[in-house]
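Have a go at each task before reading its solution.

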Amino acid sequence: MSETAPTLVLTGGQVLTVDTGFAVAEGVAVRGRDILAVGSDAEMRALAGPGTRIVELGGRTVLPGINDSHLHGAAYGMTKPPFAIDVGHPAVGSIADIAAAVARAARDVPDGAWIVGLGWEPGYLAECLADPGRFPHRRDLDAAAPGHPVCLTDFSSHMVWANSAALRRCGIDADTSPPPGGVIDHDPDGRPTGILREAAGRLVRAALPAPTLAQRRQAIQNVIRELHSRGITSYTEPGLGPGGSGTLFGGLSTDNWTAYADLAASGELGARVSVLLLAPMGGSADDVRKGLAELRRPQSADPRLLRAIGVKIFGDGVPPNRTAWMNEPYPQGGHGALCVHGDTPALQADELREMIRVAHEAGFQLGVHVTGDRAIDTVVDAFVAADRAAPRPDARHYVIHGDFISPGSLAELAAHGYGVNMNPAIKWTISDLMDEVVGPERSAYQWPVRSALDAGVRVCASSDAPITEPDWRQGVASMMLRESKAGGRPSGPEQCVPLADALRAYTATPAWQDFADDRKGSVEPGRAADLCVLDRPLLGLDPHAITEVQVDLTVFDGRVVFER
């Protein structure tokens with residue numbers, strides 16, 4: 001083959017370049033690891049040499065490789081067998097179904113071995129729907145697995161449901177105090193119900209057996225194969241480090257950075273992975289200082305594939321658990337809270353500001369998990385104050401989730417070149433439940449993508465897997481429709497966006513978040529040859545049909561890595 005001829009040509013289709021003008025071409029040529037040319041069918045065919053592989057698109061769509069910009073890849077891999085069972089909707093529809101799944105699992109493992117599951121959603125469980133006062137309880141699991149400790153993490157990963165054997169194994173009783181930022185639910189007699197919220201979940205998850213490094217590498221590779229089948233070639237691991245040791249199977253632990261680094265060094269890492277480092281989650285500025293001193297910035301054998309680019313900090317909880325810190329109270333009472341040190345909300349806010357200042361001055365990009373409007377305002381103000389004290393022209397800080405971000409905070413993010421990372425598939429999943437949690441008006445506003453774009457904020461969209469499946473098609477459809485999973489009811493239709501904006505949120509804008517917008521995120525000459533081929537034309541397609549679109553071909557780093 002000529003050294004100047006392309007190795008691969010895709011032509012005769014609808015190439016959505018997702019460049020600044022959202023240009024549409026007919027074909028794209030690849031040479032080696034990079035895109036060589038984009039243009040008409042005739043131009044692409046003229047470039048081909050004797051050894052060029054030509055893929056006839058027949059009108060099919062080509063996109064840049066999809067970038068899921070907030071996906072816990074290692075943790076997602078460890079939510080699947082042999083690590084865990086599925087107890088999520090629609091696999092189960094009731095507490096009784098979950099108990100039956102636990103009983104089946106108990107038959108397959110030795111007495112005393114842990115049974116671990118993930119995905120339960122109280123708003124979809126039949127018993128909870130029939131009786132608003134009903135909630136999962138340790139007794140529901142006790143008869144199913146009397147000889148096994150059981151740990152079931154909810155769909156949001158912010159709540160654990162444990163049986164009595166697990167509570168005994170972990171020494172949790174009526175006298176156990178939760179860690180800072182955690183809540184242990186109790187019966188009227190003072191005994192724990194088995195529900196542990198936020199940081200309290202670590203009391204159980206820390207007791208689970210740790211996977212080996214080889215198992216972690218295999219879990220990551222399994223996930224990447226799945227991502228290839230979905231057209232995903234890049235993702236952000238939002239938090240790996242010593243602060244993740246108490247998460248499910250250490251899914252956010254430093255061991256997973258080691259697993260990724262090993263795969264990159266051996267040439268076996270088949271995706272571009274950006275990592276936010278996770279300092280110990282004690283919730284104080286001193287914890288961040290200590291954590292950053294321990295973390296440094298780990299090196300990668302191939303920065304094109306694996307880079308540590310920032311630091312993650314946790315601000316508050318999540319709205320379904322009523323732990324997001326809100327200005328107005330929840331209908332059931334309470335405002336939620338920040339999950340950092342401090343005896344009063346004011347002291348907690350000061351601590352969070354100091355945590356952000358420390359990480360900013362250390363030179364890291366900041367991704368801050370924050371969901372309630374009051375908490376988001378605090379974080380955005382802290383971004384601005386930190387930059388005022390130590391100016392950095394291109395820090396690219398961003399708000400993670402940003403459920404109820406206010407117009408004022410959107411304006412500040414836009415003015416300072418910061419971003420927000422939203423979760424449209426979670427909106428689709430929980431919008432029917434949120435009317436009761438926060439009231440109909442706030443529920444409709446949750447994840448205001450249109451308002452953010454109109455304000456000039458860079459918006460990324462992501463799955464937050466394993467919270468939802470890493471299905472960008474559902475995310476795009478959700479951004480365009482704002483309909484609910486259970487009933488199809490529109491929720492905040494004024495926040496809908498068109499196809500081009502939704503696709504940018506999964507391609508070009510995440511490349512900006514990754515500090516890689518000069519080399520990926522669009523189909524342009526000189527960009528990395530990461531491409532996704534769909535089975536039909538996408539322009540003009542009914543948004544309801546987007547979830548039915550199939551990925552026919554995925555190209556990563558110039559190589560075909562998936563072909564349907």
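**Exercise 1.** Leaving aside its neighbours within four places in sequence, which residues is R205 in contact with?

*Solution.* A word on the ground rules: this is a predicted model, where local features need pLDDT of at least 70, side-chain atom pairs count only at pLDDT 80 or more, and totals for chains, interfaces and linings use all residues. Residues are numbered from 1 along each chain as its sequence is written, and side-chain values use heavy atoms, with hydrogens and water left out.

Step 1: list the contacts (heavy atoms within 4.5 Å): C151, T153, S157, V160, E198, G246, T247 and L248.
Step 2: check the charge. R205 is buried but has no salt bridge, and D154, the nearest side chain of opposite charge, is 6.4 Å away. Buried means under 20% relative accessible area, exposed over 50%, and partly exposed in between (1.4 Å probe, protein chains only). Lys and Arg count as positive, Asp and Glu as negative, and His and the chain ends aren't counted. A salt bridge needs a side-chain nitrogen of Lys or Arg within 4 Å of a carboxyl oxygen of Asp or Glu.

**Exercise 2.** Work out the order of the six-stranded open sheet and find its edges.

*Solution.* Step 1: the order is β7-β8-β9-β10-β12-β11, with mixed pairing; two strands pair if DSSP finds at least two bridges between them.
Step 1: β7 (85–86) and β11 (182–186) are the edge strands, each pairing on one side only.
Step 2: zoom in on β10 (residues 159–162) and β12 (residues 192–198), an antiparallel pair with three bridges. Here V160 has L196 of β12 as its bridge partner.

**Exercise 3.** Now do the eight-stranded open sheet: which strands stand at the edges?

*Solution.* Step 1: trace the parallel order, β6-β13-β14-β15-β16-β17-β18-β19.
Step 1: β6 (66–68) and β19 (458–461) are at the edges with a single partner strand each, so one side of each has no neighbour in the sheet.
Step 2: look at β18 (residues 419–422), which runs parallel to β19 and is joined to it by four bridges. V420 sits opposite V459 in β19.

**Exercise 4.** Which residues have the most contacts inside the largest nonpolar core?

*Solution.* Step 1: define the core as buried Ala, Val, Leu, Ile, Met, Phe, Trp, Tyr and Cys residues joined through side-chain atoms within 4.5 Å.
Step 1: the largest has 117 residues, and I313 and W472 have the most contacts inside it.
Step 2: apart from that core lies another of 21 residues, including V92 and C128.

Technical notes:
Helix = DSSP H or I, 4+ residues; strand = E, 2+ residues; numbered from the N terminus.
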